Amino acid sequence: MQTLRRFFHLIRPYWFSRAQWLAWTLLLAVLGLSLAIIYIGVFINQWNKDFYDALTAFDTAKILPLSIQYLTYMALVVLCVSSAGWLRKLLLIRWRRHLTEQLQEKWLREHNLYRLSLSVQPDNPDQRIAEDCAMLAEKSIDLLKNFVMNMAKIIAFVGILWEISGTLSFQIAGQEVVIHGYLVWLALFYTLLCSLLTHWIGRKLHPLNVQKQQAEANFRRTLLRLHDNAEQVAFYRGEETEKHRLATYFAHIERNWHAIMGREFRLETFSAAYLRLTNILPLFAVMPLYLAKTITFGTMMQARSAFASVQDGFGWFMDFYKRIMEWAACVQRLAEFNESLAQLPPLPTPIIQGRTLVCDALQVALPHQPQPCLVPFSCALQPGDWLQLQGPSGIGKSALLRTLAGLWPAYAGKISLPLGNVLFLPQKSYLPFARLDELLCYPRRPTEIQADLGQLLQMVGLAHLSTQLEVARDWALRLSGGEQQRIAFARLLLQRPQVIFCDENTNQLDIASARHLFSLLKQQLPEAIVIAVTHQAELADFFNSQYVLQRG
């Protein structure tokens, strides 16, 4: 029941919105075409009786019309199958897009992607958004469609099977037992027994599928990190170590794979035996009626087809057991991710007013350390003030900067920021695979910026890149650490924030280059408030005040 509750919580924003009438229309069309296939199957069932009776009676005059009739039925089935498949795919991509956007929006809202990384987050959010959303949409629609088709089979064929069954009478301990529609009861009892056995054999597939998705995602994440840090690995000559690390993660995949193999081997062995027995069981079940000459051979074949359809309808749970376990694993992983985002505490909101930056008794705590790491911090900065934060490594300077920038949630005290834009410059800037002009203008687009980007590159010392503004490549691997920090300064000059937080953002540059960029910053943004952490003593004269942090 918990899986169903989680599932309905995940699908509610899409399926129970008034704007999703088209989704319901597509779903009903898919189900309607699937039901049409079942309806045509009823006619094919009657055709079975007529065709085999004609064969038994050597009635050649009926063979050709019946053959044309069968081809007509097949053409209608093919049309329904192909149309339902196309509409199903359209519905899948629409639902997947909505579900993906919904989770992405929650993940990117209020710095949740960063805040989640500070806590014990669910593993591999990227895999849950990219793959689990697609799997949930696909498996949910397929399971529902097949469930509806199976229920339709029961409704369509149970009456036929009941009528053919007639009444079965036999003696038990001198008492006569009469069973009406015994073939229907046989199909129900047989399917119920096999379903219970199927669940008993395959019940461990659910946790194994959850572990499978986690192991696959961990392996892929390690490969991506290796790709992103190829240069550092090469510098350290760490290829052998990385081979061992990858082998360790792949061993998790292999162990899980063997566990699933063993469980599915038992399940598939039982399923194969069940299917083979199902093919012959209806013949033996209806044979007494045929031997008693109460039904014709054609009726016996009709009964076999109807029994198979009714049994197939009853056997939905067993036939789709593996898919149900995979679906349940998707629901669990997406629900855990959704719940972890919902459980994040609200982000404290600083006061935004005036032109000054004011902190009053600000106390900052590190993750998983409830006690503040610093003596309460207070300051009042006017436009144009530059403040340098000093203190030994690990004392919490970066945490204090992130708190002032509105990124760090674990703090107490008062923060008042001036009106306008706030920008944080870390040691290493984010450089996605994109065109160079897009990197410079990030997070805005080049079309939104009215500036000479070539001249901007020249100002920050990257004139050699001015001819490559429209070139898309992995600039994080192409540019040196110092060049990446120059890109960050170029972004800074484009965005022109009122408050700038710098966290060792010139440590990859020589002193002359660092002083040039700081001088450029003072010249271009004279009214900006700058709070910086830097261990380059040669930059101290740029700051009109210093603050030495002490441990709390």
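What is the strand order of the open sheet of four strands, and what kind of pairing does it have? The order is E3-E7-E4-E5, and the pairing is mixed. The structure is a predicted model in which local features need pLDDT of at least 70 and side-chain atom pairs count only at pLDDT 80 or more, while totals for chains, interfaces and linings use all residues. Residues are numbered from 1 along each chain as its sequence is written, and side-chain values use heavy atoms, with hydrogens and water left out.

**View 1. The open sheet E3-E7-E4-E5.** Strands (E, at least two residues) and helices (H or I, at least four) are DSSP runs numbered from the N terminus. Two strands pair if DSSP finds at least two bridges between them. Strand E3 (351–352) and strand E5 (377–381) are the edge strands, each pairing on one side only. Two bridges join E3 to strand E7 (residues 411–417) in the parallel sense. Ile352 has Leu417 in E7 as its bridge partner.

**View 2. Strand E12 and its two partners, E6 and E11.** Strand E12 covers residues 529–533, and five of its five residues are buried; buried means under 20% relative accessible area, exposed over 50%, and partly exposed in between (1.4 Å probe, protein chains only). In a regular strand the side chains alternate between the two faces of the sheet. Ile529, Ile531 and Val533 lie on one side of E12 and Val530 and Ala532 on the other, and all are buried. Between E11 and E12 the chain passes through helix H18 (residues 511–524), forming a right-handed β-α-β crossover. Right-handed here means that, with the strands pointing away from the viewer, the path from the first strand over the helix to the second runs clockwise.

**View 3. Backbone at Arg496 and Glu504.** Arg496 lies in the loop between H17 and E11. Its phi is near 50 degrees, a positive value in a residue other than glycine. Arg496 is partly exposed, with a relative accessible area of 41%. Glu504 is in the loop between E11 and H18 and, although not a glycine, has a positive phi of about 55 degrees. Glu504 counts as buried, at 8% relative accessibility.

**View 4. The largest pocket.** A pocket is defined on a 1 Å grid over the protein atoms alone, as an open set of points with protein on both sides within 12 Å along at least five of seven lines; a 1.4 Å probe is used, and lining residues have an atom within 4 Å of a point. Grid points are joined across faces, edges and corners, and a volume is the space filled by probe spheres set on the points. The volume of this pocket is about 2200 Å³. Its lining has 46 residues, and those closest to the centre are Leu113, Tyr114, Ser429, Tyr430 and Tyr442. Elements that each supply at least two lining residues include helix H3 (60–108), helix H5 (125–165) and strand E8 (422–425). By class, the lining holds 25 nonpolar, eleven polar and ten charged residues. Ala, Val, Leu, Ile, Met, Phe, Trp, Tyr, Cys and Pro count as nonpolar, Asp, Glu, Lys and Arg as charged, and the others, Gly among them, as polar.

**View 5. The cis peptide bond at Pro443.** The bond from Tyr442 to Pro443 is cis, with omega near 10 degrees. Pro443 is located in the loop between helix H14 (436–441) and helix H15 (453–459). Tyr442 is among the residues closest to the centre of the largest pocket.

**View 6. The second largest pocket.** This pocket has a volume of about 630 Å³. Of its 22 lining residues, Leu4, Phe7, Ser140, Leu144 and Trp327 lie nearest the centre. Two or more lining residues come from each of helix H1 (2–15), helix H2 (21–56), H5, helix H11 (316–319) and helix H12 (321–342). H1 gives the largest share, six residues. The lining has 19 nonpolar, three polar and no charged residues.
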